[in-house]
Amino acid sequence: MINVEEYKDYYFSVVTELLRCPSPSGYYREIAKVVEGYAKELGAAFRLTAKGCMVLSVKGKDSSKKLGLSAHADTLGAMIRGILPDGQLSFTKVGGPQLPTLDGEYCTVMTRSGKRYTGTFLSKSPSSHVYSDSATRPRDDGNMYVRLDEVVASADDVRKLGIESGDYIFIDPKTTVTESGFLKSRFIDDKASVACFITLLKIMKDKGLKAAHDFDMLITVYEEVGHGAAYVPEGLASMLAVDMGCIGSDLNCTEHDVSICAKDGHGPYDYELTTKLINLAKENNLSYAVDIYPYYGSDIGAMWTAGHDVPGALIGTGVHASHGMERTHFDGIKNTIALVSLYLGI
Ligand SMILES: [Zn+2]
């Protein structure tokens with residue numbers, strides 16, 4: 001069994017770098033460069049598909065079959081919907097961020113020519129001293145806007161900066177690692193898993209470990225909008241999606257466990273593969289939980305809907321307050337990396 005504990009600092013440095021690199025669904029070139037750098041350093045072949053998915057390929061002891069892994073590098077975000085007459089910005093969501101949690105959050109607008117301007121998401125009744133409904137006005141995209149940190153008083157002033165409808169708005173992730181081993185940040189879903197893959201490659205390289213079979217790590221960039229793994233590499237015997245595990249209500253998972261999803265909002269995962277993962281977790285004394293995710297879809301669903309005849313399962317570290325201010329713990333990360341390594345026969 002691999003020892004993940006000694007890679008704690010490495011993991012946190014990789015995940016922090018990924019989290020600070022903006023990548024709302026569809027905007028992938030910056031993060032693809034970061035991942036490509038790690039792939040090269042760690043001996044994985046790297047290619048970018050035409051649509052922007054990253055594929056990291058690694059040879060195993062046996063090349064007669066190939067296993068698949070997937071995680072997604074895209075995150076939630078927003079895009080400018082319109083420029084208001086007073087020079088502030090209306091916006092549309094990219095994916096499903098919980099809008100009440102965005103009230104007061106810092107952000108960065110990026111123009112199509114690459115200029116960046118900072119701003120803040122706010123309620124349209126932002127001041128307690130002026131608006132009687134400042135606490136009660138709905139926090140939705142009709143009642144919120146982005147205040148730009150530039151001297152602007154009209155839509156024309158904003159356009160002079162090069163800002164237009166359709167420009168991306170990156171939400172600040174506020175990434176923090178605590179002494180007690182917690183990672184708190186936006187977009188742990190799913191950069192925590194991308195960092196798990198990189199850390200596993202690092203462990204394999206350092207220790208000279210090989211997987212039982214060849215494998216491809218697919219890192220998708222449209223998962224949050226539903227079609228991330230619509231493309232998968234040819235010839236996969238199975239696909240294990242590594243994405244956030246759900247926590248709350250009557251679910252079993254905590255931030256210290258690897259969650260194994262039996263069924264999500266779209267239906268059950270592959271029975272044999274899921275059972276195999278549960279048995280591997282049990283036999284190796286991993287801290288794990290089997291759960292149903294009520295309002296959830298994953299890249300396995302995208303893969304199946306696109307017509308690929310590949311069995312698929314889903315695991316991931318337990319993530320608290322998902323699509324809001326998320327948090328997980330290194331314990332959950334450790335158990336996730338261990339279960340991925342067992343799936344690969346390392
Ligand atoms: Zn996710």
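Me: Met217, buried or exposed?
Reply: Met217 is buried: 26 other C-beta atoms lie within 10 Å, and the cut-off for buried is 20 or more. Bear in mind that this is a predicted model.

Me: Where does Met217 sit?
Reply: In strand β12, which covers residues 213-220.

Me: And what is Met217 in contact with, leaving aside neighbours within four places in sequence?
Reply: Leu56, Leu69 and Phe197.

Me: OK, zooming out. What's the secondary structure count for the chain?
Reply: Eight helices and 19 strands. The radius of gyration is 21 Å, close to the 20 Å the globule rule gives for 346 residues, so the chain is as compact as a globular protein of that length.

Me: What box do the C-alpha atoms fill?
Reply: Roughly 65 × 40 × 40 Å along the principal axes.

Me: How much of the chain is buried, and how many of the contacts join residues 24 or more positions apart?
Reply: 45% of the 346 residues count as buried. As for contacts with a separation of 6 or more, 75% of them come from residues 24 or more positions apart.

Me: What does the domain assignment give?
Reply: Domain 1 is 5-75 + 187-343, and domain 2 is 77-171. Their centres, taken over C-alpha atoms, are separated by 32 Å. Where they touch, domain 1 puts in 10 residues and domain 2 puts in nine.

Me: What kinds of residues are on the domain 1 side that touches domain 2?
Reply: Five nonpolar, four polar and one charged.

Me: Let's do helices. Which residues of α1 are buried?
Reply: Tyr11, Val14, Val15, Leu18 and Leu19. They cover an arc of only 130° around the axis, so they are on the same side of α1.

Me: What about the length of α1?
Reply: That agrees with expectation: α1 runs over residues 8-19, and its 12 residues should span 16 Å at 1.5 Å a residue, which is what separates its end C-alpha atoms.

Me: Now α6. Which residues are buried there, and which are exposed?
Reply: Thr274, Leu277 and Ala281 are buried in α6. They fall within an arc of 60° seen down the axis, so they line one face of the helix. On the other side, Tyr271, Glu272, Asn279, Lys282 and Glu283 are exposed.

Me: And what do the buried ones in α6 pack against?
Reply: β15, β17 (288-292), β18 and α8.

Me: What happens just after α6?
Reply: Asn285 takes a positive phi there, about 55°.

Me: Speaking of phi, what's going on at Ala321 and His323?
Reply: Ala321 has a positive phi, near 55°, and is not a glycine. His323 is not a glycine either, and its phi is positive at about 65°. Ala321 is in the loop between β18 (312-319) and β19 (326-329), and His323 is found in the loop between β18 and β19 too.

Me: How many C-beta neighbours does each have inside 10 Å?
Reply: Ala321 has 14, so it counts as partly exposed. His323 has 19 and is partly exposed; buried would need 20 or more.

Me: Where's the cis peptide bond?
Reply: It joins Asp189 and Asp190, with omega about 10°. Asp190 is in helix α5.

Me: Last one: where is Leu251, and what is it in contact with beyond four places in sequence?
Reply: Leu251 is in the loop between β14 (245-246) and β15 (258-264). Beyond those sequence neighbours, it is in contact with Cys246 and Asp291. Leu251 and Asp291 are 40 residues apart in sequence, yet 6.0 Å apart C-alpha to C-alpha. With 17 other C-beta atoms within 10 Å, Leu251 is partly exposed.

Definitions and conventions
Residues numbered from 1 in each chain as written. Predicted model: local features only at pLDDT ≥ 70, side-chain atom pairs only at ≥ 80, totals over all residues. Helix = DSSP H or I, 4+ residues; strand = E, 2+ residues; numbered from the N terminus. Rg over C-alpha atoms; globule rule 2.2 N^0.38 Å. Buried ≥ 20, exposed ≤ 12 C-beta atoms within 10 Å, placed from the backbone. Contact = placed C-beta atoms within 7 Å. Domains from an automatic or database assignment. Nonpolar A, V, L, I, M, F, W, Y, C, P; charged D, E, K, R; others polar. Expected span 1.5 Å × (residues − 1). Arc of directions from axis to C-beta.
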